[in-house]
Amino acid sequence: IGVDDCVKFWDIERNVPLNEYAITNVVCYTENCLREVGKKLIIGNCDVCIVVSLETYLKEFVIKHPMMKYTFSVLPMEGCDNDNGSNSFIVISCNDNNKNTLLQFDTCTGETITAIEIPGTKGDFSTQSIWVNNQTLTYFEWNYVYYYKVTTTNKD
């Protein structure tokens, strides 16, 4: 990460950056790694995700996990967030040592809910495009399409 790497917020009416709110020393790894969840912005930054308040434009916390390398996409789970962002979670697809993984995090606390290796994948960029529709997780790997049923569980 270079010194000039940052995420900027803009005043679109005046077409000027709001430099005082720039989140410095962060790079959004892919276009699939920038997601709004409730009143938070999740920025996938290769091996961490930065959670920014969209009310204050300040970093709230950083999401980290030993299996999180080369973050490919950040998915807010459909129907899981409300107006204040509580009780919401995200799924992050990433790669660590040629193993594709899915990590599930609470967006209010940054706590890990689950971390699993995706079976049968080769560890390439196949999980760069994953999505959830009707509680089914879908991703591609070369000439295969994988579907997984998504369920929520309490960490307790």
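# Strands, cores and salt bridges in a predicted model

In strand S6, Lys40 is the bridge partner of Val37. This is a predicted model, in which local features need pLDDT of at least 70 and side-chain atom pairs count only at pLDDT 80 or more, while totals for chains, interfaces and linings use all residues. Residues are numbered from 1 along each chain as its sequence is written, and side-chain values use heavy atoms, with hydrogens and water left out.

**The open sheet**

- Four strands form an open sheet with antiparallel pairing, in the order S5-S6-S7-S8. Strands (E, at least two residues) are DSSP runs numbered from the N terminus, as are helices (H or I, at least four), and two strands pair if DSSP finds at least two bridges between them.
- S5 (34-37) and S8 are the edge strands; each has a single partner strand, so one side of each has no neighbour in the sheet.
- From one strand to the next, the twist averages 20°. Axes here are lines fitted to C-alpha atoms (for helices, over the stretch in contact), and angles run from 0 to 180 degrees between N-to-C directions.
- S5 pairs with S6 (residues 40-45) over four bridges, in the antiparallel sense.
- S7 (residues 48-53) and S8 (residues 59-63) are also joined by four bridges in the antiparallel sense, and Ile50 stands opposite Val62 in S8.
- Five residues lie between the strands in the hairpin of S7 and S8, where Tyr57 takes a positive phi near 60°.

**Nonpolar cores**

- The largest nonpolar core has 14 residues, and Ile63, Met68, Ile90 and Ile92 have the most contacts inside it. Such a core is a set of buried Ala, Val, Leu, Ile, Met, Phe, Trp, Tyr and Cys residues joined through side-chain atoms within 4.5 Å.
- S7, S8, S10 (89-96) and S11 each give two or more residues to this core; S10 gives the most, with three residues.
- Apart from neighbours within four places in sequence, Ile63 is in contact (heavy atoms within 4.5 Å) with Val48, Cys49, Val51, Met68, Ile90, Phe105 and Gly110.
- A second, separate core has ten residues, including Val7, Val26, Leu41 and Ile43.
- In soluble globular proteins, nonpolar side chains tend to be buried together.

**Thr101**

- Thr101 lies in strand S11 (residues 99-106).
- Thr101 counts as buried because its relative accessibility is 1%; buried means under 20% relative accessible area, exposed over 50%, and partly exposed in between (1.4 Å probe, protein chains only).
- Beyond its neighbours within four places in sequence, Thr101 has contacts that include Met67, Ile92, Cys94 and Ile116.

**Salt bridges**

- The whole structure holds three salt bridges, each defined by a side-chain nitrogen of Lys or Arg within 4 Å of a carboxyl oxygen of Asp or Glu.
- Arg14 and Asp11 form a salt bridge in which the closest N and O atoms are 2.8 Å apart. Arg14 is exposed, at 57% relative accessible area.
- Glu55 and Lys39 form a salt bridge at 3.5 Å, N to O. Glu55 is in the loop between S7 and S8 and Lys39 in the loop between S5 and S6, so the pair ties together parts 16 residues apart in sequence. Glu55 is exposed at 56%, and Lys39 is partly exposed at 39%.
- Glu60 and Lys40 form a salt bridge with the closest N and O atoms 2.4 Å apart. This pair links S8 and S6, at positions 20 residues apart. Glu60 is partly exposed at 37%, whereas Lys40 is buried at 9%.
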